[in-house]
Amino acid sequence: MRLRVLGCSGTYPTPRSPSSGYVIDDPTASVWIDCGTGTFAALQRVLDYTGIDALVLSHVHSDHCLDIFPLYYALRFNPQARRLPVYCPAGTEEHLAQFLVGDTACKLSFIFDFRYVKPGDVAEVGDVRLDFAVTDHPIPTHAVRAESPTGIVTYSADTGPGMDLDVFARDSDVLLCEASYQNNDCGAPLHLTAEQAGEYAKRASVRDLVLTHFWPTHDHSISKTEAAAAAGDVPVELARPGGVFDLESRTWVEAGTPA
Ligand SMILES: [Zn+2]
């Protein structure tokens with residue numbers, strides 16, 4: 001299994017990074033998780049978007065879902081495109097459809113097969129099993145655990161410290177965890193500090209921690225230091241746009257660029 005980072009900037013994109021977006025690849029499936037601003041362009045630089053087997057949306061904050069609209073138009077005008085399953089919290093389609101109000105020729109359901117999921121539901125895409133957990137965030141938000149015979153990636157999505165992320169991520173190869181805050185720049189508890197991400201990784205006994213969803217103006221090396229101080233023996237990596245992390249070799253097989 002491989003984890004590709006399309007973008008890792010929290011809240012809004014920067015010149016160096018799109019907002020949140022990742023692709024999980026195993027030999028049987030490609031699963032795109034979150035399509036924040038700028039991620040569709042980033043994906044097209046390296047992948048054929050018609051080869052994506054499913055899209056997962058963690059929640060409908062714009063930095064996690066806005067690029068579903070350019071994806072919609074690309075698929076709509078591509079005769080080779082198939083209808084794409086979208087696994088997401090209840091109400092996602094109705095929420096996003098408001099953007100298209102008045103344009104009767106456009107309907108998201110022409111292109112997307114929205115499948116509302118909740119904790120306890122299991123989605124299968126090729127050999128990849130997807131499990132979901134509700135996070136500690138102001139609107140319905142799902143963390144996602146993607147598991148196949150070739151590895152396990154758990155993605156925190158956006159969350160404050162009030163969820164059992166350590167239980168949900170237990171024994172994952174990679175915990176892809178948001179780290180919006182730093183110890184001396186910490187906002188409302190609807191996101192995590194890098195230190196809290198490190199604590200979760202340690203308690204979950206994951207093999208590697210990949211930090212993501214950085215506050216755009218932060219020095220990410222500070223996030224890495226703060227997470228590593230709390231993560232015990234778990235190595236800490238920084239997500240980077242264009243980077244591809246291979247779970248088996250535990251290395252970046254495509255380096256990407258620093259965010
Ligand atoms: Zn976010």
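## A first look

Is Arg115 buried, partly exposed or exposed? Arg115 is partly exposed, with 34% of relative accessible area. Keep in mind that this is a predicted model.

## The zinc site

Let's turn to the metal. Four residues coordinate the zinc ion at 2.2 Å: Asp63 and Asp158 through OD, His64 and His213 through NE2. Along the sequence, these donors follow the spacing D-H-x93-D-x54-H. The two histidines bring distant parts of the chain together: His64 sits in helix α2 (residues 62-65), while His213 belongs to the loop between β12 (208-212) and α8 (220-230), 149 residues apart.

What is the geometry of the site of the zinc ion? It's irregular, with angles of 89 to 167 degrees among the 4 donor atoms. Both histidines are tucked away: His64 is buried at 0% relative accessible area, and His213 is buried too, at 2%.

## Salt bridges

Side chains of opposite charge can pair when their charged atoms come close. The whole structure has 10 salt bridges. One of them joins Asp53 to Arg82, with 3.8 Å between the closest N and O atoms. Asp53 is in the loop between α1 (39-46) and β4 (54-56), and Arg82 is in the loop between α3 (68-76) and β5 (84-88), so this pair ties together parts 29 residues apart in sequence. Asp53 itself is partly exposed, at 25%.

Back to Arg115: its salt-bridge partner is Asp113, the closest N and O atoms being 2.8 Å apart. Asp113 is partly exposed as well, at 22%. Then there's Arg129 with Asp131, bridged at 2.7 Å from N to O. Here Arg129 is partly exposed at 35%, whereas Asp131 is buried at 14%.

Key: Residues are numbered from 1 along each chain as its sequence is written. This is a predicted model: local features need pLDDT of at least 70, side-chain atom pairs count only at pLDDT 80 or more; totals for chains, interfaces and linings use all residues. Side-chain values use heavy atoms; hydrogens and water are left out. Donors are N, O and S atoms within 2.8 Å of the metal (3.2 Å for Na, K and Ca); water is not among the atoms, so sites may look incomplete. Four donors count as tetrahedral if all angles lie between 85 and 135 degrees; four count as square planar and six as octahedral if opposite donors are over 155 degrees apart and all others between 65 and 115; anything else is irregular. Helices (H or I, at least four residues) and strands (E, at least two) are DSSP runs, numbered from the N terminus. Buried means under 20% relative accessible area, exposed over 50%, partly exposed in between (1.4 Å probe, protein chains only). A salt bridge is a side-chain nitrogen of Lys or Arg within 4 Å of a carboxyl oxygen of Asp or Glu.
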